[in-house]
Amino acid sequence: MAKKISEKLVIGNALISTNREYLTKGQVCHYWHIVDSLLPEGYYTNGNNNSFSDFCEEYPFLVKRVGDTMIINCDNDLLERYCRIGIPTEIIKVFDLAGAKLNEIEEKSRKVLAKTLLK
């Protein structure tokens, strides 16, 4: 039987695993696609166009929303308590790998843009 990973866990772990103070809606979506591509057999995520907004509304003590940006509004221990406790280790590894991949992709994009602007 397939196991569903809630949208709240995906979004919360995007904030944790990228080690950033904020994420845009686009970055969360990109992270989500990376997670989906890395999940082991038998797991799936469930999200929709309102997932970002829903997370911000449900967890205002964790994040503050400014437009299409979600800013961490708590310490990491609280964020981890709500978004990591009870998750299988193999899924936490997927979340962390997805965060590292997103950071790597965005860093490469910044370098390409910088080279382009310097020409």
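User: How many bridges join S2 to S5, and which way do the strands run?
Analyst: Three bridges join S2 to S5, and the two strands run antiparallel. Two strands pair here if DSSP finds at least two bridges between them. Helices (H or I, at least four residues) and strands (E, at least two) are DSSP runs, numbered from the N terminus.

User: Before I go on, what kind of model is this?
Analyst: It is a predicted model, where local features need pLDDT of at least 70 and side-chain atom pairs 80 or more, while totals for chains, interfaces and linings use all residues. Numbering starts from 1 along each chain as its sequence is written, and side-chain values use heavy atoms, without hydrogens or water.

User: OK. Which residue of S5 does tyrosine 22 stand opposite?
Analyst: Tyrosine 22 faces isoleucine 71 in S5.

User: And S4 with S5: parallel or antiparallel, and over how many bridges?
Analyst: S4 and S5 (residues 69-72) pair in the antiparallel sense, over four bridges. Lysine 64 is opposite isoleucine 71. Arginine 65 is opposite methionine 70.

User: What is the strand order in the sheet?
Analyst: The order is S2-S5-S4 in an open sheet of three strands, with antiparallel pairing. S2 and S4 are the edge strands, each pairing on one side only. Neighbouring strands in this sheet are turned by 20° against each other on average, ignoring direction.

User: Which S5 residues sit on the covered face, and which on the uncovered one?
Analyst: Met70 and Ile72 make up the covered face of S5. Thr69 and Ile71 are on the uncovered face.

User: What about the hairpin of S4 and S5: how many residues lie between the strands?
Analyst: Two residues lie between them. In that hairpin, glycine 67 takes a positive phi near 65°.

User: Back to lysine 64. What does it touch?
Analyst: Lysine 64 is in strand S4, residues 63-66. Setting aside neighbours within four places in sequence, lysine 64 is in contact (heavy atoms within 4.5 Å) with Thr69, Met70, Ile71 and Asn73.

User: How far apart are lysine 64 and tyrosine 44 in space?
Analyst: Their C-alpha atoms are 27 Å apart, with 20 residues of separation in sequence.

User: Switching to helices. Which strands does H3 lie across?
Analyst: H3 lies across S2, S4 and S5. H3 runs at about 130° to S4. Axes are lines fitted to C-alpha atoms, for helices over the stretch in contact, and angles run from 0 to 180 degrees between N-to-C directions.

User: At what angle do the axes of H1 and H3 cross?
Analyst: The axes of H1 (residues 7-17) and H3 (residues 51-58) cross at roughly 80° and come within 10 Å. H1 is therefore roughly perpendicular to H3. By the cut-offs, under 35 degrees is roughly parallel, over 145 roughly antiparallel, 65 to 115 roughly perpendicular and the rest oblique.

User: Which residues make the contact?
Analyst: From H1 there are Glu7, Lys8, Ile11, Gly12 and Leu15. From H3 there are Ser51, Phe52, Asp54, Phe55 and Glu58.

User: And H1 with H2: what is the crossing angle there?
Analyst: Roughly 105°, with the axes of H1 and H2 (residues 25-38) coming within 10 Å. H1 and H2 are thus roughly perpendicular to each other. On the H1 side, the contact uses Glu7, Val10, Ile11, Asn13, Ala14 and Ser17. H2 brings Val28, Tyr31 and Trp32.

User: Next, the loop between H1 and S2. Is threonine 18 buried or exposed?
Analyst: Threonine 18 sits in the loop between H1 and strand S2 (22-24). With a relative accessible area of 3%, threonine 18 is buried. Buried means under 20%, exposed over 50%, partly exposed in between (1.4 Å probe, protein chains only).

User: What does threonine 18 touch?
Analyst: Not counting residues up to four places away in sequence, threonine 18 touches Asn13, Leu23, Tyr31, Gly99, Leu102 and Asn103.

User: Where is asparagine 19?
Analyst: Asparagine 19 is also in the loop between H1 and S2. Asparagine 19 counts as exposed, at 64% relative accessibility.

User: What is the phi of asparagine 19?
Analyst: Phi of asparagine 19 is near 55°, a positive value in a residue other than glycine.
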